[in-house]
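Hi everyone, thanks for coming. Let me put the sequence and the model up on the screen, and then we can walk through them together.

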Amino acid sequence: MNLKFDTLAPTQIYHLMTQTVVPRPVAWTLTESSENNFNLAPFSYFTPVSSNPPLLMISVGKKPNGDIKDTTRNVLETGKLVIHIAGTDSAKAMTESAATLEHGESEIVANDIELTDFEGFDLPRLAECDIAFGCTLFEVKEIGETPQSLIFAQVEQVYISQSVIDGTSERLKIDTDALDPISRLGGGEYAKLGDVFAVARPK
């Protein structure tokens with residue numbers, strides 16, 4: 001099968017891309033809507049893009065009515081966000097946090113999610129996540145006809161739970177089995193890590 005993208009509707013392209021670019025990490029993203037009121041949403045159009053400066057990128061669409069999503073609005077207003085790497089145990093809460101709520105209504109409250117202090121950063125982090133990136137806004141780029149908001153977030157600091165650090169390595173190494181990150185597939189499907197193997201890179 002050979003599909004020409006210029007013959008497909010945007011929804012068809014979306015479903016095709018999300019089923020073929022797999023697995024994808026999920027950026028479970030916390031922003032501040034107002035003082036002590038936080039928004040939380042998952043994004044699987046997500047990737048690291050640079051290490052100098054250290055940048056992560058999430059791609060955020062629009063609400064069904066065409067308004068920008070709260071994540072984009074909050075980041076533009078406050079310049080801060082916390083991107084979490086969720087484990088498979090968080091699959092239900094993470095998926096529920098994708099529901100469209102009115103601006104100012106908190107997914108944290110709606111899903112009874114626990115926050116904890118993110119030492120040295122302005123926003124809290126999710127207590128249940130073993131990795132959290134404290135980020136400041138680097139740039140928002142609008143692309144496409146809709147348009148889609150590409151949020152480039154500069155990592156200022158990262159929280160890593162001691163429970164996912166491989167203590168047998170001389171340098172910092174994450175134990176991915178312990179982290180058990182959730183992987184996004186197409187539709188409503190997710191995946192766990194399977195067998196992990198190493199291949200030496202050429203010198």
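Let's start with β3 and strand β4, residues 54-60, which pair in the antiparallel sense over five bridges. Two strands count as paired here if DSSP finds at least two bridges between them, and helices (H or I, at least four residues) and strands (E, at least two) are DSSP runs numbered from the N terminus. Within that pairing, F46 stands opposite I58 in β4.

A word on where this comes from: it is a predicted model, with local features needing pLDDT of at least 70 and side-chain atom pairs counted only at pLDDT 80 or more, while totals for chains, interfaces and linings use all residues. Residues are numbered from 1 along each chain as its sequence is written, and side-chain values use heavy atoms, leaving out hydrogens and water.

Zooming out, seven strands make an open, antiparallel sheet, ordered β2-β1-β5-β8-β9-β4-β3. Because β2 (37-43) and β3 (46-51) stand at the edges with a single partner strand each, one side of each has no neighbour in the sheet.

What about the interior? The largest nonpolar core has 19 residues, and F46, L56, I58, L81, I83, F133 and C135 touch the most other members. A core here is a set of buried Ala, Val, Leu, Ile, Met, Phe, Trp, Tyr and Cys residues joined through side-chain atoms within 4.5 Å; buried means under 20% relative accessible area, exposed over 50%, and partly exposed in between, with a 1.4 Å probe and protein chains only. At least two residues of this core come from each of β2, β4, β5, β8 and β9. There is also a second, separate core of 18 residues, with V82, A86, I113 and L123 among them.

Now, how many aromatic pairs are there by the ring rule? The rule takes rings of Phe, Tyr and Trp (its six-membered ring) with centres within 6.5 Å, calling planes under 30 degrees apart stacked, over 60 edge-to-face and the rest tilted. The count comes to two. Y14 and Y45 have ring centres 6.2 Å apart and planes at 45°, so that pair is tilted. Since Y14 lies in helix α1 (residues 10-20) and Y45 in the loop between β2 and β3, the pair ties together parts that are 31 residues apart in sequence. Y14 is partly exposed at 41% relative accessible area, and Y45 is partly exposed at 27%. The rings of F118 and F121 have centres 5.5 Å apart and planes at 45°, so this pair is tilted; both residues, F118 and F121, are buried.
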